[in-house]
Each structure stands twice: as C-alpha cells, then as structure tokens.
Amino acid sequence: MARKLNLRIWRGDSTSGALQDVQVDVNEGEVVLDVIHRVQATQMGDLAVRWNCKAGKCGSCSMEINGKPRLACMTQVAAYPEGETITVTPLRTFPVIKDLVTDVSFNYKKAMEIPAYAPPADLAPGEARMQQVDVERSQEFRKCIECFLCQNVCHVIRDHEENKKSFAGPRFFIRIAELDMHPLDILKNRKKTAQEEHGLGMCNITKCCTEVCPEHIRITDNAIIPMKERVVDVKYDPARWLGSKIRRREGI
Amino acid sequence: MTLERHNYDVLVIGAGGAGLRAAVEAREAGLRVAIICKSLFGKAHTVMAEGGAAASMGNVNDNDNWMVHFRDTMRGGKFLNHYRMAELHAKEAPDRIWELEVWGALFDRTKEGKISQRNFGGHEYPRLAHVGDRTGLELIRTMQQRIVALQQQDGRDFGDMESHIKVFAELTITDILKENGKVSGAYGYWRESGSEVLFEAPAVIIATGGVGKTFKITSNSWEGTGDGHALALKAGANLVDMEFLQFHPTGMVWPPSVRGILVTESVRGEGGVLTNINGERFMFNYIPEVFKKMYADNPEEADRWYTDQDNNRRPPELLPRDEVARAINSEVKAGRGTEHGGVFLDVSKRLSAEVIKKRLPSMWHQFYELAGVDITKEPMEVGPTCHYVMGGVEVEPDTAAAIGVPGLFAAGEVAGGMHGSNRLGGNSLTDLLVFGRRAGAGAAEYVKSSGKNPVSEGAINAAAAKIQAPFDRQGGENSYSLHAELQEITHNLVGIIRTGAELDEAIKKIAEIRKRSANVSVSGGRVFNPGFHLAFDLDNMLLVAESTAKSAIKREESRGGHTRDDFPGMNNKWRQINHISTFDGTQVIVREQALPPLPKELFDLFDVHELEKYMTPEEIAKGGSN
C-alpha cells in the first residue's frame with residue numbers, strides 16, 4: 001500500500017538552485033525514478049529529469065541519490081530505511097542544465113577523440129573467424145551503457161575542471177581497452193596514446209569507477225591496470241627498450 | 001531573436017538502428033546529413049532489443065537460406081506482409097550483419113569462430129545473431145561508433161569532424177515542412193533550451209520507432225510516442241494497417257512499477273517453459289491448426305528438440321508471439337494465472353545457474369534488482385506487454401520512399417508492411433539495417449535528382465506559432481492527466497482482445513481527448529520542461545490511437561496482432577486487404593486498399609496446401625501474379 005516518502009530534490013539551473021522538500025506517495029516495489037515521475041505529474045510539471053528505458057539498459061537516468069552516483073531506475077525506494085528522507089541531486093562533475101539534468105556533452109566530445117576501430121583492409125564481410133574466449137575480453141567492456149557514472153565519480157575530473165581537457169575518463173579507457181583487445185583491430189599504439197593523449201597516467205586506480213558501474217564492468221582491474229602495466233613495460237623495460245631501438249617495432 | 005537555421009542534404013529524424021544506418025548510407029553517397037535524436041545519442045529504444053538479429057547466415061544449421069527465412073516471416077505475419085519487403089529483408093539480412101562485424105561489432109561465436117545463431121519463435125532454424133541478451137546495445141553502439149569513424153575521416157579530409165554528419169541530440173521535430181508538394185525540411189525545438197530550430201533539407205528520413213507509450217502497459221521507453229507516424233500523417237503520407245500491434249507475451253508483471261518491462265524471448269529460445277498456477281505446461285493446448293505440423297504436441301518431444309532438432313518438432317513455447325500472448329491472456333482470464341495476473345516462465349530447471357548468467361545476463365540482473373527474483377532458482381512471473389507496432393508509414397519497398405510525399409522516406413518500426421499482421425522476434429533488428437540502408441540510398445538518389453527546395457517564411461511562422469501556443473494558454477488541461485486517460489482507453493478498449501462495441505466507444509473517447517488536448521497549457525518556462533515536451537508527444541499519440549482504433553473497427557476478423565472477440569477466426573478475404581489511414585486536417589480517415597499479391601516465383605516457394613489455409617480458392621487457382 002502507498003506510504004508517504006519525504007523526497008528532497010535539487011531544483012535550479014546553471015546560475016543557481018536549492019534543495020526543495022516534497023512529500024510523495026510511494027508503492028511497493030517502486031524505484032526512485034517512479035517517485036520522481038509522480039512528483040512531476042502531480043506537483044512539479046516542469047521538473048527536469050532524463051530517462052528512457054526504465055530498465056537499466058540505456059543509462060539515461062544517472063543522478064546522485066543521497067550523494068551516491070546511481071541509476072534512478074535501478075534504485076529501490078525500499079533500499080532506504082522507512083521515514084528517512086531521500087535526497088536526489090544532479091551529477092556533480094557535469095554542468096547543470098536544469099534540476100536533475102546535466103550537460104554531458106564532455107563525454108561525446110571525448111568519444112570523438114578515440115581512434116576508431118581499424119580492421120584489416122582485406123577483411124571481407126562474413127570471413128571473420130574469432131573464438132568466443134577471445135571476444136569475451138572486449139565484450140565485457142561493450143556492455144557499457146554510457147550512463148557516465150564512472151566519469152562522474154572519477155576524482156580526476158569530479159572537482160577538477162582543469163583536468164577535463166587532457167583526461168578521457170574511465171568510460172573511454174574501457175573503450176580503448178576494448179579496441180586494444182579486439183581480435184581483429186590492427187591499430188598498434190592504443191595503449192601508448194591512452195597514456196600520452198587521453199590521460200591514462202592521471203588515473204591512480206582508486207577503483208571508484210568500478211564501484212559505481214551498474215553493469216559491474218571491472219573497469220580498473222580488467223582495462224586500466226592491464227593497460228598501465230603494458231605501458232610501463234614498454235617504457236621502462238631496458239631489454240624491450242633496446243629491442244625497440246634495434247628493430248624499430250611499431251607501437252605495442 | 002534570430003531563428004537557428006541549418007541546411008543539409010538529408011535530415012534523419014531518429015537515431016536508433018534504422019536512422020543511424022540510413023545516415024551512414026547517405027553520408028557514404030557523398031551527402032551532408034543531420035541526425036536528430038529526441039534523447040541523448042546512443043539511448044534510442046534499439047538498445048533494449050535483447051534476443052538478436054535474424055539473418056539466414058546458416059552458421060549453426062546450414063539448411064538455412066533466404067527462402068526459408070522469407071517463408072517464416074510470411075507465416076509469422078499471416079501472409080499480410082508486403083511480399084517485396086519480406087523478400088528484400090530475407091535476402092539482405094546476412095550482408096547487413098556481416099557489415100556490422102566489419103565495423104567492429106563483436107557477436108557471440110560458434111565453435112568454428114563464426115557468428116553464433118540462436119533459436120527464436122517462428123524461425124525454423126537457429127537464426128539470431130546475438131550478444132548474450134544485449135544485442136540491441138551492440139547494434140546501436142556499433143552504428144554510433146561507425147558514425148564517429150566517418151566523422152573522424154571527415155575531420156582528416158575537411159578539417160571539421162562535423163562537416164558532413166552532425167548529431168543534434170535532445171531535439172524534437174514538431175513539423176515536416178513542404179513547398180510545392182515536396183519535402184523542404186523540418187521544424188522543431190531543442191529540448192534543453194526550448195528554443196526553435198529550422199532544418200532545410202530536400203529529403204527527410206523518418207526513423208522514429210514505435211508507439212508503445214500510447215498504451216498503459218508497454219515495453220517501450222518514453223520515446224515511443226508515435227512521432228514519426230503522426231508527422232508522416234500530417235505531411236500527407238499514408239499509414240498502413242495500424243490495427244496490428246504486437247503484445248509481447250512476456251513482460252514483467254510484478255512489482256507494479258516494472259509492469260511491462262520486457263523479458264526476452266531468448267528465455268524461451270534457451271529452453272524456458274511456461275506454466276500456469278496449477279503447474280500445467282499449457283502451451284500444448286494452444287497450437288493453431290496452421291502450425292500443427294511444426295510444433296510438438298507433447299512435453300517429451302518438445303524437450304528432445306533442444307538436443308535433436310532434426311527429428312523432433314519445436315516446443316509450442318516458441319510459437320509466434322501473437323499466439324503465445326493470446327494463450328497467456330486466456331489462461332489468466334480463465335483463473336489459472338498467478339496472483340499478480342501473470343503466468344510462470346521457468347528456465348532454472350533446464351539450465352545451470354552459470355549458463356543462465358552467461359546467456360541471459362541482463363534478465364538475471366533485471367529480475368534480481370527490480371523484483372528480488374533469482375531466475376537461476378525460481379520462475380519468473382510474466383504477462384503480455386505492448387511491444388511493437390506492425391503498422392506504419394506506407395513505403396515503396398525498394399527505396400523506402402513514403403507513398404504520396406516526394407522527399408519523405410521511412411524505415412524501421414515506423415514503416416509498415418514488412419511484418420504483416422505479426423512480427424517474428426529477431427526480424428526487427430535486421431529490418432532496421434536492411435531498410436535503414438535502403439532509405440539512406442533512396443534519399444541520396446532523390447536529392448541528387450531533385451535539388452534544393454527552400455522553405456517559405458509562411459511555413460516557418462505556422463510551425464513557430466504551434467510551439468508557442470501551449471505557453472499562451474492559461475489554466476488549460478494538464479498533459480500528464482490527458483496522457484493517463486488515453487492510456488486507460490487504449491488499454492481497456494483497443495488492447496489485446498477487441499470488440500466492435502468497445503472500439504466504437506474508444507473512437508468517441510479518443511476524439512473527446514483530442515478536443516481537450518487543443519487546450520493544453522504548460523506551467524514553467526521553455527528550458528527542459530517535460531510538461532511542454534509531453535504536450536507535443538500527446539498530440540502524436542492521439543493521432544496514432546485514432547488511426548489504430550479506426551483501422552481495428554473495420555477489420556472484422558482476428559489475425560496476428562489484431563484479435564476481435566466478435567470475429568474470432570481468420571478470414572481469407574480480409575487477407576487481401578490493407579487499411580490505409582490518412583489525415584484530412586481534423587481527423588483520421590481509414591480506407592481499404594488491395595494487398596499486392598505474391599508473384600509466382602515467391603508463391604512457388606510454398607507448399608500449396610499451406611497457402612490454402614491463408615488464401616481464397618481464386619488466389620490459389622491463379623498461382624501467384626504475373
């Protein structure tokens with residue numbers, strides 16, 4: 001049966017804003033997005049919130065719930081003690097447009113900077129042969145729903161606007177790792193450019209990104225650390241360094 | 001304030017699979033393309049497609065080929081499909097899948113390293129290329145990344161990554177503009193700021209997807225508000241067979257807040273079994289005459305099929321979706337449903353927990369997180385949910401050109417004809433690719449021969465006035481309440497089982513809501529204001545619902561996604577008829593039109609005794625046209 005929930009919602013725009021308290025009905029099994037929609041339909045017709053699928057598949061309804069980055073459609077109201085006020089605020093790392101909606105265009109700009117998949121020129125359609133075990137490494141990263149919670153939580157950019165220019169963020173480190181591990185990709189220097197152009201070196205593996213990933217992608221362990229290790233190998237291993245001088249190996 | 005203006009060769013409305021595939025094709029033909037998404041780039045409803053993309057590559061069973069796929073598609077659609085669309089789809093689907101792989105998609109593999117293919121309802125052989133149960137995500141991401149790859153190439157060639165393809169995210173189109181009877185562009189507003197935008201383009205491709213949000217219980221996201229259907233109608237195009245809506249048999253039913261969310265058909269493809277509250281595997285009682293040869297009539301044979309498909313018939317859980325949805329509906333109505341009005345779907349008894357988590361990862365996640373159910377141990381509770389509209393814009397199959405409006409094209413779910421009265425699972429993703437590509441090519445060809453068609457000031461002013469109107473009204477209707485009322489009407493009166501009397505009532509009620517919707521007012525300003533956005537979506541949904549109800553009341557038979565309690569059987573005479581919806585400025589008019597007959601070479605692909613079940617003796621005697 002319906003009970004009353006105290007919801008505290010940040011309302012405002014790029015210039016100013018404040019938390020507003022509302023009381024709203026909540027029914028069994030409802031998620032935070034349900035009650036936000038109820039507020040929208042009954043009390044605040046112009047309350048801005050992004051959402052699409054309401055099934056945890058599209059990654060649109062990212063916000064901070066009691067300060068934690070989460071998908072509102074996958075957060076049960078019942079997960080919070082009855083009587084407690086739930087506070088919803090917009091993602092902190094990106095500029096607010098209005099209420100719970102932020103400007104996430106940073107991520108789309110970064111996506112355009114990552115060199116695209118590069119298949120061999122002679123790969124004919126239907127001729128590709130790959131083993132399941134080989135595609136699975138990249139498939140883990142392709143589960144990403146681009147909710148950008150990892151980008152939001154990453155402290156390299158969370159309170160450091162100045163780092164945004166030179167830092168692609170965890171979402172795009174797994175994109176680079178995915179291409180790097182793609183059995184058919186032939187672009188050789190992905191790890192090196194990750195380090196030198198996309199800011200991999202600025203990550204100090206606190207694993208915050210992995211913790212918030214709703215798809216449970218092991219961002220740090222399976223993408224970031226392996227790339228960092230290989231970069232270090234290539235950069236500092238004296239034998240490899242010598243080899244690279246003698247035989248002029250491209251990339252690694 | 002000066003109006004924001006853009007000039008392109010081709011404007012693609014919709015950034016799901018069909019829209020993005022169309023954009024790629026038009027760009028590769030050398031044109032400048034704008035892509036409009038109503039939400040963020042990469043969030044389109046395509047991401048929710050789970051099971052896979054049907055293409056007769058023959059990787060798992062080499063008996064498969066385009067002719068088998070064509071036959072399955074026609075059977076699934078109860079032979080109301082436009083034969084040419086079904087033919088093109090079946091022939092071109094494999095190339096479209098392989099092409100995705102060249103663009104970086106990573107499908108699950110067979111032991112030989114080829115693209116793996118899984119079983120699905122209505123498909124004779126394992127045919128669905130897939131990535132676990134997140135195939136739609138793989139498709140949209142691959143297309144999104146293909147667009148970025150082309151933009152990077154443009155950056156190298158022209159010094160500007162957005163010189164030839166630009167994505168306009170979070171923008172709603174409210175009008176398609178015409179001059180001299182031909183498309184000249186489109187008008188809309190940025191959802192973020194509410195400010196208006198004009199696109200001048202001689203060709204517009206509509207790829208806006210479906211209409212699910214017209215209904216109360218749906219698997220569709222908020223974007224499925226029939227925008228493209230309504231835009232096309234208002235621009236003078238036809239909609240074909242809007243009475244056919246697919247209710248997917250398995251949506252979640254509990255808790256209430258997740259009601260309607262899709263449970264992929266792959267659960268049944270992987271061996272999931274449907275039972276009622278008495279533990280009865282009821283699907284054996286619902287095998288229709290036309291499918292008796294192909295489906296097992298006992299559990300033992302059905303179970304054997306999972307390991308030996310050559311010597312056993314398929315389990316009836318894998319009947320086409322319309323059959324399974326009606327069966328579940330009947331069980332629940334007869335009092336054999338669960339306490340929440342569903343039936344049980346259980347995969348835990350056939351597969352190990354490890355295999356379930358690997359093959360159906362997002363289902364496991366969805367039930368665990370949203371319903372507290374562990375599907376590796378317990379059954380799911382499922383029931384029908386509004387999933388897909390078979391009806392849509394009437395197009396010329398080869399070019400995807402909308403009939404009657406030069407410069408307008410439509411592809412994907414918004415286009416009609418391909419799926420007849422019922423779509424097979426897996427045919428949607430390849431439909432997007434096959435006809436998205438054809439729409440892009442069709443538009444490119446059209447633009448090259450037609451040239452520019454400038455927009456007039458009069459057209460701009462009219463479109464702008466429409467956007468401002470709800471702000472100028474005070475104390476009018478609330479769009480949220482009107483939307484809820486509409487959903488109540490469609491759910492109760494135009495739903496999975498229909499009657500003439502109820503449809504008549506629905507038509508009257510929808511007309512009343514439309515009258516009231518002319519008086520919708522909006523509170524707040526223009527900046528990211530959902531109440532304002534819904535006012536336009538509502539207008540679209542009302543037109544779609546009117547078209548559906550008016551088509552449904554005319555079709556006095558039951559076929560595929562249209563079931564009439566007062567006309568229970570299929571009627572071969574009705575198979576020859578399409579319903580065409582047009583808009584006269586005030587209301588939707590529905591008329592009959594003859595379905596193009598099967599040409600001889602396609603007619604001959606079938607056993608004539610099978611065709612006798614669907615066709616009149618005169619049609620059989622003719623043996624196909626030409």
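Into which domains is chain A divided? In this predicted model, chain A splits into domain 1 (3–102) and domain 2 (105–247). Taken over C-alpha atoms, the centres of domain 1 and domain 2 of chain A sit 32 Å apart. Where these two domains of chain A touch, domain 1 puts in twelve residues and domain 2 puts in 13 residues.

Now for the two chains together. Here 49 residues of chain A are in contact with 50 residues of chain B. Four helices of chain B each give two or more residues to the side that touches chain A:

| Helix of chain B | Residues |
|---|---|
| H3 | 83–102 |
| H4 | 135–158 |
| H10 | 361–371 |
| H15 | 530–554 |

H4(B) gives the largest share of that side, eight residues. By class, the side of chain B that touches chain A has 22 nonpolar, 15 polar and 13 charged residues.

H4(B) also has a partner inside its own chain. Helix H1 (residues 17–28) of chain B packs with H4(B) at an angle of about 25 degrees, and their axes are 9 Å apart. Angles under 35 degrees count as roughly parallel, so H1(B) and H4(B) are roughly parallel to each other. Their crossing is left-handed. Among the residues making this contact are B:Leu20, B:Val24 and B:Arg27 of H1(B), along with B:Ile140, B:Met143 and B:Ile147 of H4(B). Sorted by class, the H1(B) and H4(B) contact has eight nonpolar, two polar and three charged residues.

How values were computed
Residues are numbered from 1 along each chain as its sequence is written. Chains are lettered from A and ligands numbered from 1 in the order in which they are written. This is a predicted model: local features need pLDDT of at least 70, side-chain atom pairs count only at pLDDT 80 or more; totals for chains, interfaces and linings use all residues. Two residues are in contact if their C-beta atoms, placed from the backbone, lie within 7 Å. Ala, Val, Leu, Ile, Met, Phe, Trp, Tyr, Cys and Pro count as nonpolar, Asp, Glu, Lys and Arg as charged, and the others, Gly among them, as polar. Axes are lines fitted to C-alpha atoms, for helices over the stretch in contact, and angles run from 0 to 180 degrees between N-to-C directions. Angles under 35 degrees count as roughly parallel, over 145 as roughly antiparallel, 65 to 115 as roughly perpendicular and the rest as oblique. A crossing is left-handed if the near helix is turned anticlockwise from the far one by less than a right angle, and right-handed if clockwise. Domain bounds come from an automatic or database domain assignment.
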